[in-house]
Structure formats: C-alpha cells, structure tokens
Amino acid sequence: MSTPPLPPPPLGVLGAGQLGRMLALAGAPMNLRLRLLDPSPLAPVAGLGELLTASYEDEAALARLAECPVVTYEFESVPVAAARRLAERTQVYPPPEALEVAQDRLLEKTRFQQLGIPTPAFQAVDSLAELEAAVSQLGLPAVLKTRRLGYDGKGQVVLQHASQCAAAFAALGGVPLLLEQFMPFQRELSLLAVRSTSGETRCYPLVDNQHEGGILRCSRAPASGLTPALEQQALGYAERLLGSLRYVGVLALELFDVQGTLYANEIAPRVHNSGHWTIEGARTSQFENHLRAVLGLPLGDTATLGPCAMLNAVGGLPGAAAVLAVPDAHLHDYAKAPRRGRKVGHVTVRAPDAATLDARLAQLEPLVPFQR
C-alpha cells in the first residue's frame, strides 16, 4: 500500500487580520496551509489557518513560525525586530528592510529622495521650535504627521495658519513627527506591483482612490484618463523601489497626481486595501500573486477583467441580499465585530463599461455603511 503524500509545509504569516484571511482564502485552491501569529484570539483568520495566539515578541511563537520555510506579513505594524529574528532562521519576504522603511515616514521619504522619486518637501520635527522653523521654511498649508503608526487619517493635522502650531504639536507631540508640504493634488492614485524571488515583476493598472475623513471609501480600476506618460512615471517609481529594497511580494505605492506629475505619498509592504478589487476584477488577485511571489512560483496575469471598483464597509456591513441583487457585485465579510471607524468588509463590482460601473456604484453606495 502506498504511503499518502505529506501535506505541504505551511507558509508563516505575521498578523492574522482581514488581509491574512484573504491570503488564506487565496491559498486554499493550491492546498496552501498558513500558520499565522497574532496577539488576538478573535483574529478574522480563525478557522482558515493555524492561528498562534501570542505577542509578536513571544520567542516560543516565533520559533514555531520559523519552522515554516517562508514567512511573510499581512500588515506593516509588526515589529521589525521580530521579522529580523525570523530572517536569521528562515526566509522572510518582503525583506525586513522594506518593513523598516515603510514604518517610518522619515526613512520612507528619504528613500524616495535617494531614488529620485518626487515626494512632497518634508522636515523631521521633534520640538515646537523645530515645527515653527519647518513651517517657516516649507510654508503653509502643511501636514504635521507622526513618523510611525499613522493610518486611515490618524496621527496627522493639517496646518493652515502658523497660530495652529502649538495646538497641533500638543495633540501629536511626544513622538517623532514630520512636517510635510501640502500638495494641491487633483486625485490620489495607487499602484500595486509584485516581484517574485526570481525577479519576475508585474504591475496592476493604476487605481483611482477616493477617501473620506482619511479612510479609503472607493477604489476604481483602472483609473480614468490614464496616459502612457502617467503610467510610465508610476512604473518607473515602482521599479526603483523594488530594486532598492530587494523586494519580494506585493508592494503598494500611493501617489498624488498633481497636474500630470506623480508624487509618492507612501508605500505599504504588503497586499493593500486599494487592491481588493483584484479578487473579482483581475485575472489574478493581489493575494494569489503575493503567495506566488514569496513561494517563488510564476506570477499571474495582472490585467483587469473590465472596469471594476471596491467599496469599503466601515462600521457595519450591508445586507447581503441588497448587494447581491446588483449585477456582478460581490460581498466580503471579514468576520470582525462592527464598530465605528473599523473596516469590517468590502464590496467589489464589475461592469462591461465605465458608464455601467457608475450606475452600479450609484446603486451600491447607499447600501454600504461608512461610519467613520
């Protein structure tokens, strides 16, 4: 009697939130098992992979994760020290250097400058006096941001007048800060690039992102009014970043479009909210391509299946029947307890043309909660 084949070794993941959940779902058709480390026993990935409930600094849990031949991460706030400890014992992709750069806005924007990628002028700020000097040099309006851990509009204040400096510093001070020139952008775009261990690289089309209160509300792919020059700018920036960081996996690059010149805002070294449309809207989703990349498998086609969009459900979920009554609409429930300001799901929708997509989005937008 023949011996049954052994199951494939698991892929390790730091973090087990909704992005980890979607990675697990993408890996299921390939019989790919995930072993995920997360401090929360209520992590959304529960039931879809082997969940290790412990802090990211827990040595026993890290040792279990290091048994995996490859480890990745599903969000960029995991400790760099944990990623570095794992990298001493197994393959970690994207590399810890990319995680370190993305976690600190000063390192991130300095890297943009070093690579010749346009980015808003900035200065590090560690005191009220430094803030006032930076305002004098950069001018107003400007945005004061925490260097670390700011997301979805958190950890930043827009300064319109110099008289606001003291209050802004009091609100955000006590941690390293960055003052950044305010860009009069026409729109916010993002580019998702993916690079494998072999160096194979593919990019998804540029996406148009609409935010409300600093939280992403809607992403549309491909972005309207794209020109070859605009696309080449974005692709050139991504290629420089991927090479500089010796990158493996999906990288999201967020951009400001200012009269046809793209300025880099920030990067995310992971699968990204603005790429959720790829699950139903691209030939290969960002999640499957991330798995392919870190495992050294050939990358999948990143072309769209037609105009498509994604709406975030924030603070609550829409009724499934109403959403699914809209043609080519798909509901994703993250299995997270709803609360105001929390992303608990999303809806994707496809259409044969831009006008039909507009009509379907008009049907869906009133249905999908957005409680900031």
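1. Thr278 is buried, with a relative accessible area of 0%, and this residue of the predicted model is found in helix H9, which covers residues 278-281. A polar atom of the Thr278 side chain lies 2.7 Å from the backbone oxygen of Gly275. Leaving out residues up to four places away in sequence, Thr278 touches Tyr204, Thr284, Ser285 and Gln286.

2. Arg35 deserves a separate comment, as a charged residue placed in strand S2 (residues 34-38). Is Arg35 buried or exposed? Its relative accessibility is 9%, and because the cut-off for buried is under 20%, Arg35 counts as buried. Its side chain makes a polar contact of 2.9 Å with the side chain of Glu50, and a polar contact of 3.0 Å joins the side chains of Arg35 and Glu67. Once neighbours within four places in sequence are set aside, the residues in contact with Arg35 include Pro10, Leu11, Gly12 and Val13, as well as Leu52, Arg64, Leu65 and Cys68. By contrast, the C-alpha atoms of Arg35 and Met183, which are 148 residues apart along the chain, are separated by 42 Å.

3. The sheet that contains S2 is open and has five strands, in the order S3-S2-S1-S4-S5, with parallel pairing. Strand S3 (50-53) and S5 stand at the edges with a single partner strand each, so one side of each is left without a neighbour in the sheet. At the S5 end, S4 and S5 pair in the parallel sense over two bridges, and Val70 stands opposite Gln91 in S5. Helix H2, made of residues 59-66, lies across S1, S2, S3 and S4 and runs at about 160° to S2.

4. A further open sheet is built from four strands in the order S6-S9-S7-S8, and here the pairing is antiparallel. Its edges are strand S6 (122-125) and strand S8 (156-159), each with a single partner strand, so one side of each is left without a neighbour in the sheet. From one strand to the next, the twist averages 20°. S6 is joined to strand S9 (residues 177-181) by four bridges, and the two run antiparallel; within S9, Leu178 is the bridge partner of Ala124. H5 packs on this sheet, where it touches S6, strand S7 (142-146), S8 and S9, and its direction makes about 150° with that of S6. Helix H6 (residues 128-138) also lies across S6, S7, S8 and S9, running at about 170° to S6.

5. Helices H4 and H5 can be read together. H4 (residues 96-103) is mostly covered, with six of its eight residues buried, namely Pro96, Ala98, Leu99, Val101, Ala102 and Gln103. The cover over these buried residues includes strand S4 (70-73), helix H3 (80-87), strand S5 (91-92), H5 and strand S15 (261-268). In H5 (residues 105-114) the buried residues include Arg105, Glu108, Lys109 and Arg111, along with Leu106 and Phe112. Asp104 caps the N-terminal end of H5, with a side-chain oxygen 2.9 Å from the backbone nitrogen of Leu106. After H5 comes Gly116, whose phi is positive, near 75°.

6. The last point concerns the nonpolar interior. In soluble globular proteins, nonpolar side chains tend to be buried together. Which residues of the largest nonpolar core touch the most other members? They are Leu11, Leu34, Trp277 and Phe287, in a core of 36 residues. Elements that give two or more residues to this core include strand S1 (11-14), helix H1 (18-27), S2, strand S10 (187-195) and helix H10 (286-294). H1 supplies the largest share, which is five residues. Not counting residues up to four places away in sequence, Leu11 touches Leu32, Arg33, Leu34 and Arg35, then Cys68, Val70, Val71 and Thr72, and also Leu291, Val294 and Leu295. Another core, of 24 residues, lies apart from this one and has Leu241, Tyr247, Leu251 and Ala264 among its members.

Note on methods:
Residues numbered from 1 in each chain as written. Predicted model: local features only at pLDDT ≥ 70, side-chain atom pairs only at ≥ 80, totals over all residues. Heavy atoms only, no water. Buried < 20%, exposed > 50% of the residue type's maximum accessible area, 1.4 Å probe, protein only. Polar contact = N/O pair within 3.5 Å; in protein donor to acceptor, adjacent residues only side chain to side chain. Contact = heavy atoms within 4.5 Å. Pairing = 2+ DSSP bridges. Axes fitted to C-alpha atoms, helices over the stretch in contact; angles between N-to-C directions. Core = buried A, V, L, I, M, F, W, Y, C linked by side-chain atoms within 4.5 Å.
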